[in-house]
Every structure is written in C-alpha cells, then in structure tokens.
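Here is a short briefing on one chain.

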Amino acid sequence: MGELREVVIRCRGGYIVVYAVRQEALLVVLADEGLDVSRLHVESRPTVERLAKVLTGA
C-alpha cells in the first residue's frame, strides 16, 4: 500500500485532514462543513513541501 500521504475524516461539524510531511511529521487541518476539500488538496501541497524542506534543514 505504501506510505501515508493524506487522510480525510468527515465529521458531523466538518473535516479533519491529515497530511504526511515526510516520515517525521504530520500537518493537521481542522475545518468546518464549508471546506472545499479539492481546493485544500491543491493549496496544501506547497505547504507540505515547504515543511519538508524545513525538516531537512534545506
């Protein structure tokens, strides 16, 4: 199956979205029911990449 990349949990009041940042960290986003999940996936990718660079010291 491979490494964790992302998990989306839909709750009564909104969403919990978890992104893997390399193997060292997780980025967790809490959002209300109005979240555009597709847009979040597109816009979060650069943030995950920046966090990965911070973790590697680059």
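C11 pairs with G14 of β2 as its bridge partner. This pairing sits in a predicted model. The hairpin of β1 and β2 has two residues between the strands. The two strands run antiparallel and are joined by six bridges.

**Strand pairing**
- β2 also runs antiparallel to β3, and eight bridges join this pair.
- V21 has its bridge partner in β3, namely A25.
- Three residues lie between the strands in the hairpin of β2 and β3.
- In that hairpin, R22 takes a positive phi near 55°.
- β2 is largely enclosed by the rest of the structure, because seven of its eight residues are buried.

**Overall layout**
- Read from the N terminus, the order of elements is β-β-β-α.
- The C-alpha trace spans about 40 × 25 × 15 Å along its principal axes.
- The chain has 58 residues, and 24% of them are buried.
- Among contacts with a separation of 6 or more, 26% link residues 24 or more positions apart.

**Confidence**
- Mean pLDDT for the chain is 93.
- A value of 70 or more is reached by 98% of the residues.
- Of the elements, β2 (residues 14-21) has the highest mean pLDDT, at 97.
- Helix α1 (residues 37-56) has the lowest mean among the elements, at 95.

**Surface and nonpolar patch**
- The chain exposes about 4,600 Å², and carbon and sulfur atoms supply 54% of that area.
- A nonpolar patch on the surface is formed by L4, V7, I9, L26, V28 and L30.
- Together these residues have about 540 Å² of accessible area.
- Two strands, β1 (6-11) and β3 (25-32), each supply at least two residues of the patch.
- β3 gives the largest share, three residues.
- L30 lies in strand β3.
- Is L30 buried or exposed? L30 has a relative accessible area of 66%, so it counts as exposed.

**Salt bridges**
- How many salt bridges does a search of the whole structure find? The search finds two.
- One of them joins E24 and R22, with the closest N and O atoms 3.1 Å apart.
- R22 is the residue with the positive phi in the hairpin of β2 and β3.
- Both partners are partly exposed: E24 has 49% relative accessibility, and R22 has a relative accessible area of 46%.
- Another salt bridge joins the side chains of R39 and E43, at 2.6 Å from N to O.
- Where do R39 and E43 sit relative to each other? They are four residues apart in helix α1, so about one helical turn separates them.
- R39 is exposed, with a relative accessible area of 51%.
- E43 is partly exposed, at 45%.

**Points to keep in view**
- β2 pairs with β1 through six bridges and with β3 through eight.
- The nonpolar patch draws at least two residues from β1 and at least two from β3.
- R39 and E43, in helix α1, form a salt bridge.

Note on methods:
Residues are numbered from 1 along each chain as its sequence is written. This is a predicted model: local features need pLDDT of at least 70, side-chain atom pairs count only at pLDDT 80 or more; totals for chains, interfaces and linings use all residues. Side-chain values use heavy atoms; hydrogens and water are left out. pLDDT is the predictor's confidence in each residue, from 0 to 100. Patches are made of residues with over 30% relative accessible area and no salt bridge: like charges are joined within 9 Å, nonpolar side chains (Val, Leu, Ile, Met, Phe, Trp, Tyr) within 5 Å. Accessible areas come from the Shrake-Rupley method with a 1.4 Å probe; for residues, only the protein chains shown count as cover. A salt bridge is a side-chain nitrogen of Lys or Arg within 4 Å of a carboxyl oxygen of Asp or Glu. Buried means under 20% relative accessible area, exposed over 50%, partly exposed in between (1.4 Å probe, protein chains only). Two strands pair if DSSP finds at least two bridges between them. Contact means heavy atoms within 4.5 Å.
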